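Subject: Structure handover and notes

Dear colleague,

I am passing on the structure below for you to look through.

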Amino acid sequence: MSTPHWPQASAVELEDWGAGSNTLAGAPRASGKILSQNPDGSSECGLWSCTPGTRKVTFAADEFCHFLSGHGSYVHENGEQIPVTAGTLVFFPAGWTGISIITQTLTKAFMCR
């Protein structure tokens, strides 16, 4: 079995994932690429990018994120603010609910389980 790997995240061609139905302000549009997924769907990893705007978000599964570029913040429904920029690492536990405010297109590598 071969180990999936990519020398540069910037070389991965992202697919258009659309605008979504959770937009609160602006016109954010997501794109991404699933790089690996367990056959049973129990976990996956990939790249995700979204243009500026504000969206309501709920993480259905545990998700670890390494933000690669851009600027924004996540605001939990309890008011906790998490600023994100290139290099920021965040673990969102399953059920985390709040809003995402993207001020400069954000790109992240993620792992869900």
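Is N38 buried, partly exposed or exposed? N38 counts as partly exposed because its relative accessible area is 34%, where buried means under 20% relative accessible area, exposed means over 50%, and partly exposed is the range in between, with a 1.4 Å probe and protein chains only.

Before the rest, please note that this is a predicted model, in which local features need pLDDT of at least 70 and side-chain atom pairs count only at pLDDT 80 or more, while totals for chains, interfaces and linings use all residues. Residues are numbered from 1 along each chain as its sequence is written, and side-chain values use heavy atoms, with hydrogens and water left out.

N38 lies in the loop between β3 and β4, where strands (E, at least two residues) and helices (H or I, at least four) are DSSP runs numbered from the N terminus. Q37 is found in strand β3, and it touches S43 and E44 when residues up to four places away in sequence are not counted, contact meaning heavy atoms within 4.5 Å. From Q37 to E63, which are 26 residues apart along the chain, the C-alpha separation is 14 Å.

The largest pocket

The largest pocket has a volume of about 370 Å³. Here a pocket is an open set of points on a 1 Å grid over the protein atoms alone, where a 1.4 Å probe fits, with protein on both sides within 12 Å along at least five of seven lines, and lining residues have an atom within 4 Å of a point; grid points are joined across faces, edges and corners, and the volume is the space filled by probe spheres set on the points. Its lining is made of 18 residues, of which W48, T58, F59, E63 and K108 lie nearest the centre. Two or more lining residues come from each of β3 (30-37), β4 (44-50), β5 (53-58), β6 (63-76) and β9 (97-112), and β5 gives the largest share, 4 residues. By type, the lining divides into 11 nonpolar, 2 polar and 5 charged residues, with Ala, Val, Leu, Ile, Met, Phe, Trp, Tyr, Cys and Pro counted as nonpolar, Asp, Glu, Lys and Arg as charged, and the others, Gly among them, as polar.

The nonpolar core

The largest nonpolar core holds 17 residues, and W48, Y74 and F92 touch the most other members; such a core is a set of buried Ala, Val, Leu, Ile, Met, Phe, Trp, Tyr and Cys residues joined through side-chain atoms within 4.5 Å. The elements that give two or more residues to this core are β4, β6, β7 (81-85), β8 (89-92) and β9, with the largest share, 4 residues, coming from β9. Leaving out residues up to four places away in sequence, W48 touches a set that includes W17, R55, Y74, I102, L106, K108 and F110.

Strand pairing

Two strands are said to pair if DSSP finds at least two bridges between them. β6 and β9 pair in the antiparallel sense over 12 bridges, and V75 has I99 as its bridge partner in β9. Antiparallel pairing also joins β6 to β7 through 5 bridges, where V75 stands opposite Q81, and β6 to β8 through 4 bridges, where F64 stands opposite F91. The hairpin of β6 and β7 has 4 residues between the strands, and G79 in the turn has a positive phi of about 100 degrees. β5 pairs with β9 in the antiparallel sense over 6 bridges, with K56 opposite I99, and 3 bridges join β5 to β2 (residues 23-26), also antiparallel.

Two further residues

L89 lies in strand β8 and is exposed, because its relative accessible area is 53%; its contacts beyond four places in sequence are F64, C65 and H66. A86, in the loop between β7 and β8, counts as partly exposed because its relative accessibility is 46%, and beyond four places in sequence A86 is in contact with F67, L68, S69 and G70.

Best regards
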